[in-house]
Amino acid sequence: MALLGDPLFRRFFINPPIYRTGSTTALMDWFETPQAHFIKINVPGYSKEDVKVQVEEGNVLVVKAEAGKESKEKEKETVWHVAERGGGLNGFTREIELPEDVKVDQIKAQVDNGVLTVVLPKDLSPKLSKVRNIHVSSKL
């Protein structure tokens with residue numbers, strides 16, 4: 001029973017922190033060092049203008065990619081026989097719940113050789129305890 005109450009178990013198995021939408025899946029690596037988290041996402045065929053990285057409410061990193069205008073114009077004149085790679089054709093969205101130790105205002109991202117790299121610096125300052133005692137009285 002303690003397993004279901006464990007926050008790590010709940011975070012990764014009951015409420016997974018990573019979500020995918022769209023018809024293609026962008027493959028992702030996420031690793032961390034003592035100074036930062038690093039997220040690398042394959043974005044072959046997308047330019048930096050096609051990729052958008054945002055932090056939404058609740059500390060959720062959202063990565064979206066849509067085909068550029070050139071791809072859409074060419075698509076009208078093209079007959080596809082096989083389309084398995086998906087690069088730049090359909091777009092994708094990845095939503096990643098960020099850890100509490102990320103400095104949201106210092107996140108950086110770059111696209112290079114078909115890989116989006118997002119650097120999420122850690123806040124290394126000690127955190128105050130979030131535990132707050134509530135006074136119990138006999139009347140409300």
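Okay, housekeeping. The model is predicted, so to speak of a local feature we need pLDDT of at least 70, side-chain atom pairs count only at pLDDT 80 or more, and totals for chains, interfaces and linings use all residues. Residues are numbered from 1 along each chain as its sequence is written, and side-chain values use heavy atoms, with hydrogens and water left out.

Let's start with His-37. It sits in strand E3, residues 36-42; strands here are DSSP runs of at least two residues, numbered from the N terminus. Is His-37 buried or exposed? His-37 is buried, at a relative accessible area of 3%, where buried means under 20%, exposed over 50% and partly exposed in between, using a 1.4 Å probe and protein chains only. Its side chain makes a polar contact with the side chain of Asp-101 at 3.2 Å. By polar contact I mean N or O atoms within 3.5 Å, where, within protein, one must be able to donate a hydrogen and the other to accept it, and residues adjacent in sequence count only if both atoms are side-chain atoms.

Now the strand partners. E3 runs antiparallel to E8, with 7 bridges joining them; strands pair if DSSP finds at least two bridges. Lys-40, for instance, has Thr-117 in E8 as its bridge partner. E8 also pairs with strand E7, residues 108-112, antiparallel again, over 5 bridges. E7 and E8 make a hairpin with 2 residues between them, and Asn-113 in the turn has a positive phi of about 50 degrees. In E8, 5 of the 7 residues are buried, so E8 is largely enclosed by the rest of the structure.

On to the core. Which residues touch the most other members of the largest nonpolar core? Ile-39, Ile-41 and Phe-92 do, out of 17 residues. A nonpolar core is a set of buried Ala, Val, Leu, Ile, Met, Phe, Trp, Tyr and Cys residues joined through side-chain atoms within 4.5 Å. E3, E5 (60-65), E6 (92-97) and E8 (115-121) each give two or more residues to this core.

Last, the rings. There are 2 aromatic pairs, meaning ring centres of Phe, Tyr or Trp (its six-membered ring) within 6.5 Å, with planes under 30 degrees apart called stacked, over 60 edge-to-face and the rest tilted. Phe-31 and Phe-38 are stacked, because their centres are 5.2 Å apart and their planes at 15 degrees. Tyr-46 and Phe-92 are edge-to-face, at 5.7 Å and 80 degrees.

Methods. Helix = DSSP H or I, 4+ residues; strand = E, 2+ residues; numbered from the N terminus.
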